[in-house]
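Colleague: I have a model on screen and would like to learn how to read it. Could you take me through some of its features?

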Amino acid sequence: MGRSHLGEFEELVLLTVGVLYDDAYAVAITKEIANQSGRSVAVSAVHKSLYRLEEKGMLKSRLGEAESKRGGKRKRLFNITPFGKKAIDESMDLRVHLRNQISDLAFNWQAD
Amino acid sequence: MKKQVNIPKLVHAFFKWYCKSDRYEELHGDLEEFFYERAEEMGLVKARFYYLRDVIRCCQPYAWKKPKVYSNSNIIMFKNYFKTSLRSMTRNPLGSFINVFGLSVAIGICLVVYSFVAYDYSLDQFHENKNEVYLTTIRADRNGAEVQYGLSPTPLGELLKDDFAQISKVARVKDVSVVMKYEDKVFYENLRFTDPEFLEMLTFPLKWGSPDALIDVNSIILSEPMSVKYFGDENPIGEDILVKFGEEGRKIFRVAGVAEAFPDAHIIEFGFLANFKNMKVADPAFDEANWADLLDATLIQVPDPMDIEAIRAGMVKYKALQNDIENDWKINSFDFEPLASLHLNAGGIEDAISYDYTEPGRVILPIIALLMIFMACFNYINVAIVSSARRLKEIGVRKVIGANRGKVIVQFLAENILLTFFAMLVGILLAYTLFLPWLANQAALPLRLSPTDLNLWLFLIFILLLTGLASGIYPALYISKFDVARIFRGSIRFGKKSPLTKVFLGFQLVVACITITGAIAFTQNTLHINSRSWGYDQTGALYTSITDKSAFDQLYSAMSQNPNVLSVSGSRDHLGMVKSQAVLRLPDRQYEVDQLSIDAQYFETMGLQLTTGRNFKPDPESDRQSIIVNKALVENMAWAEPLTEVVTIDSARYQVVGVTEDFQFNSFYSPVKPTLFKVADKDDYRFLSVRARAGAERETYDALKAEWVQLFPEVPFQGGYQEDVWPGFFEDVAIQERFMKVVAFIAILLSSLGLYGLVTLNVAGRVREFSIRKALGAGVKNIAFSILRQYMLLSVIALLIAAPLSYIAINANINMLYAEPMPLTYTVVTLAVVLLIFILLTVISTQIRKVSKSSPVVGLRTE
């Protein structure tokens, strides 16, 4: 069933879904990531990640209300599942864990 | 406000097309939200642009309609089609074999023809300037018709360069026969004198050396094979090679370049190149300003092809110059032929630097390929229609469970393309392993099918679709139209009465008849040509070319002593080798004939027969003003009393003293030409011919060669048997015969396979009928008649059409190839028809036998 670890961009999307709780759909996520990270994001990339995360079971989704600003179309809203949370936490732990293992010497550029 | 902001329709349609329906709403909603927002923020134009970009970016697997494998029943149906196709093919192995085999043979032939045509059209196309380089040609009236010559007057090239600013480069070409000597290697070779521009205008890259070397008058450039011939694999740059022009002239050239091997598809080539200025060395009498001298070619380069019309118009002034000097050889106009089309048009240009030897193949091969494809397709159609009787139930069931007519058509077409694809694989295999090597070997052409040739792939796809659709569309339409209720009621009867089936079978018979006629006619023609008289006695005659009078005298006295030699003769020209032209001036017109200058022994030596008059007298001085002519000339002049006629040539008058039989100067491809003989000046002797005692030809040849080598160790021996003066002609004839036989064989094979399949299936479909007949007491005769009746009328009509058509087609074909072929008689056509009837009866009688041997009980019990 595909890889279970998270790609960098997938992780961003997953986190953003959490941030936007209850209003997490592609357009909002795209804008949020663009705002927060300052990089330009294509909506198609977000779509791709959302569907893959849903496939992996880290997100679940439902259809929202139709809105006129969307040409009368409904949007798909995403929520994090417990498995999604686990994935975020594991990923964060791993990073923190690794970061903590770096000895200060590695950052001591004056020494030599 | 939003009403004006519209989503671009086309892009939207594209999105809708690729996007799967259950994600369309949410995905396009997102895109629309962005679009409206952007339209407000940055204007409609930019919004549209971004929308387009988004749509393209979204075109990814997550948005796509899923491949049908998972969701759609279509693919499952296709799998089922595939299965039923395979089943029906294995259930009817005979029909499948006929189809696959026939189609693959036809496709194999198409591929071979493709490789030939591709080769033909690529000849001399590798020259980068092929569209800018032109050959200067002359149009002149000869014996009543305008003829185009590839030759040009000597001074023309220089004048063109000076007079026309549009012409960037000019290369004059003159070929001279010389003797090349390097260490102990001495050969006769063709040396091509040309301007240094030659190598710039034509694309002949050099392996070693620089093309500029031709500017130096002492340099010589070799072709790759010549370099190997004289110097082996060594780099010969800087080596000296001695060139002898005739007896007197000689010059040492320094090798300054070796050309890379010429591409396979080339006609224009060279062995040795040297600067044109050396013409003066080769021939002290050569005069660059002499309009009466003709060069082998004058090539010009015109960077802008648009200018060629202006140049053509400006050529008028040279016409006057030329005609002032050459009264006997007046020209009508000058013309130009681009290098790109020179080969294809060279058939109509005499003495051109390029030639067209592939024309018969270019005309006939595609016709043959097309005929074969037709035959194979017709086989397929016939077998498919007749065998579909067995699949009626399948079609009925399909229709009941919801297949519409379109689906059934698609099914049958898909099945057909599959079959054709299969046939194509076999066809490719056949072409590679059998047909192509055979044709390449027979025709001695470097034919190949290269997998890197893009056009080949396009051609394959084209053939696949063409054959697949051409053979499949009619059966598919035919089979799919049946009404379900009638299928199950069993009230559909077909196969017997399909008129198209009969037309197809008739067509095949016609093609088979034509090719059989061709095979017989060509075989007959080959026999005829091999036994045909040359008009003189070529067996036992030997010849050698000689350098000058003293060489002639020495060799003459040596050979006259030889007990095996019956007569020896000297001549300026020689049958099958060299002739010259003479223009007879008549009161009302000029008449160009061939001219041979000989001595008094020539007729005896060559076995030429005089019909009336006398031979030349042995004393050469006494017949200076006499000529002997051949019958063709007498007939063309309509002379009643040829021996009283006097003709004027070059303002000298000649008395006709004798008439010879017609003879074949060149091979039978060319007609007998009006020819006159006159006495050669002894200084001009270039040939010595010898008649050997019967049975002693070999010894005489060896003696001739030995004498030569002893007398002139420095000059290569250039003699041979008179029988061998038409190199390649008899091989050509044999190839054509074999080729025609193979084509006829394949045509017979295809048509009898088709017929066999058709009859077999037809008989199989009527098993019950025959069983009842037999049960009621019908004999073999009755059953044979009821089977035959079906094909009798058809065959008779087909053969009635085929016979005259074969006659016309093959007659045209033979007349195109040979000047005076054996006339095609009706016997040949009759023979073909009889053979065909025999084949027909054989095929049908196998089935009659089968039916007559089968037990009626078994026949009635089936189904």
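Modeller: We go from confidence to helices, then to the contact between the chains.

Modeller: This is a predicted model: local features need pLDDT of at least 70, side-chain atom pairs count only at pLDDT 80 or more, and totals for chains, interfaces and linings use all residues. Residues are numbered from 1 along each chain as its sequence is written, while chains are lettered from A and ligands numbered from 1 in the order in which they are written.

Colleague: What does chain A average in pLDDT, and what does chain B average?

Modeller: pLDDT is the predictor's confidence in each residue, from 0 to 100. Chain A averages 87, with 95% of the residues at 70 or above. Chain B averages 84, and 97% of its residues score at least 70.

Colleague: Where in chain A is confidence lowest, and where is it highest?

Modeller: Helices (H or I, at least four residues) and strands (E, at least two) are DSSP runs, numbered from the N terminus. In chain A, confidence is lowest in strand 1 (residues 59-67), with a mean of 88. It is highest in helix 2 (residues 26-37) of chain A, at 92.

Colleague: How far apart are the end C-alpha atoms of helix 1 of chain A?

Modeller: Expected span is 1.5 Å times one less than the number of residues. Helix 1 (residues 8-19) of chain A has 12 residues, so it should span 16 Å. Its end C-alpha atoms are 17 Å apart, which agrees.

Colleague: Which residues of helix 1 of chain A are buried?

Modeller: Count other C-beta atoms, placed from the backbone, within 10 Å of a residue's own: 20 or more is buried, 12 or fewer is exposed, and in between is partly exposed. In helix 1 of chain A, the buried residues are A:Glu10, A:Leu12, A:Val13, A:Leu14, A:Leu15, A:Thr16 and A:Val17. Their cover includes helix 2, helix 3 (43-56), strand 1, strand 2 (73-80) and helix 4 (82-101) of chain A.

Colleague: Is A:Ile33 buried or exposed?

Modeller: A:Ile33 has 21 other C-beta atoms within 10 Å, so it is buried. This residue sits in helix 2 of chain A. Contact means C-beta atoms, placed from the backbone, within 7 Å. Leaving aside neighbours within four places in sequence, A:Ile33 is in contact with A:Leu12, A:Thr16 and A:Val41. A:Ile33 and A:Leu12 are 21 residues apart in sequence, yet 7.5 Å apart in space, C-alpha to C-alpha.

Colleague: At what angle do helix 24 and helix 27 of chain B pack?

Modeller: Axes are lines fitted to C-alpha atoms, for helices over the stretch in contact; angles run from 0 to 180 degrees between N-to-C directions. Helix 24 (residues 729-765) and helix 27 (residues 826-853) of chain B pack at about 25 degrees, with axes 10 Å apart. That makes these two helices of chain B roughly parallel. Angles under 35 degrees count as roughly parallel, over 145 as roughly antiparallel, 65 to 115 as roughly perpendicular and the rest as oblique. Residues that meet include B:Leu755 and B:Val759 of helix 24 with B:Ile839 and B:Val843 of helix 27.

Colleague: How many residues of chain A are in contact with chain B?

Modeller: 15 residues of chain A are in contact with 15 residues of chain B. On the side of chain A that touches chain B, helix 2, helix 3 and strand 2 of chain A each give two or more residues. Helix 3 of chain A gives the largest share, 5 residues.

How values were computed: Contact = placed C-beta atoms within 7 Å.
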